[in-house]
Amino acid sequence: MSSSPFPLSTEPSDDWRADAACRELDLEVFFAVDEASQLDAVAVCETCPVREPCLEHAITTREQYGVWGGVREQDRKRMVRARRRDAA
Ligand code: SF4
């Protein structure tokens, strides 16, 4: 059994998960609704060596909830909208 907090995937692009700073942590804080907990999650992400691929994964798979790559839901939605505008 894996210690990864995320569901395992067979896709090679998911290799970054093995180095996740959150892999041994309780992920409740990453999916909390209160701002203080979300900021705690962001602080963990700021120490994470795989922040970029994590965020890219969340954006490309349209993750709706949680803190990914140090970016909260509402900020990620803004990033997606900005990308769409830039691509148009
Ligand atoms: S960036 Fe944050 S959510 Fe993503 S793997 Fe690292 S600690 Fe976990």
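This is a predicted model: local features need pLDDT of at least 70, side-chain atom pairs count only at pLDDT 80 or more; totals for chains, interfaces and linings use all residues.
Me: Start with the ligand. Which residues are around the ligand?

Reply: Trp16, Ala20, Ala21, Cys22, Phe30, Val44, Cys45, Cys48, Arg51, Cys54, Val67 and Gly69. By class, that shell holds 10 nonpolar residues, 1 polar and 1 charged.

Me: Which helices each supply at least two residues of that shell?

Reply: H1, spanning 35-45, and H2, spanning 51-60.

Me: Now the pocket. How much space lies in the largest pocket?

Reply: The general idea comes first. A probe the size of a water molecule is rolled over the atoms, and it shows where empty space is left. Here, the largest pocket has about 160 Å³ of space.

Me: Which residues line the largest pocket?

Reply: Among them are Ala58, Ile59 and Arg62, along with Glu73, Arg76, Lys77 and Val80. Sorted by class, the lining has 7 charged residues, 3 nonpolar and 1 polar.

Me: Which helix gives the most to that lining?

Reply: H3, with 6 residues. Both H2 and H3, the latter running 73-87, supply at least two residues each.

Me: How should I read a helix with buried residues? Which residues are buried in H2?

Reply: An α-helix has 3.6 residues a turn, so residues three or four places apart point the same way. In H2, the buried residues are Cys54, Leu55, His57, Ala58 and Ile59. H3 is part of what covers them.

Me: What happens just after H2?

Reply: Check the backbone there. Arg62 takes a positive phi of about 55 degrees. Arg62 also lines the largest pocket.

Conventions
Residues are numbered from 1 along each chain as its sequence is written. Side-chain values use heavy atoms; hydrogens and water are left out. A residue is near a molecule or strand if one of its heavy atoms lies within 4 Å of it. Helices (H or I, at least four residues) and strands (E, at least two) are DSSP runs, numbered from the N terminus. Ala, Val, Leu, Ile, Met, Phe, Trp, Tyr, Cys and Pro count as nonpolar, Asp, Glu, Lys and Arg as charged, and the others, Gly among them, as polar. On a 1 Å grid over the protein atoms alone, a cavity is a set of points where a 1.4 Å probe fits but cannot get out, and a pocket is an open set with protein on both sides within 12 Å along at least five of seven lines; lining residues have an atom within 4 Å of a point. Grid points are joined across faces, edges and corners, and a volume is the space filled by probe spheres set on the points. Buried means under 20% relative accessible area, exposed over 50%, partly exposed in between (1.4 Å probe, protein chains only). Contact means heavy atoms within 4.5 Å.
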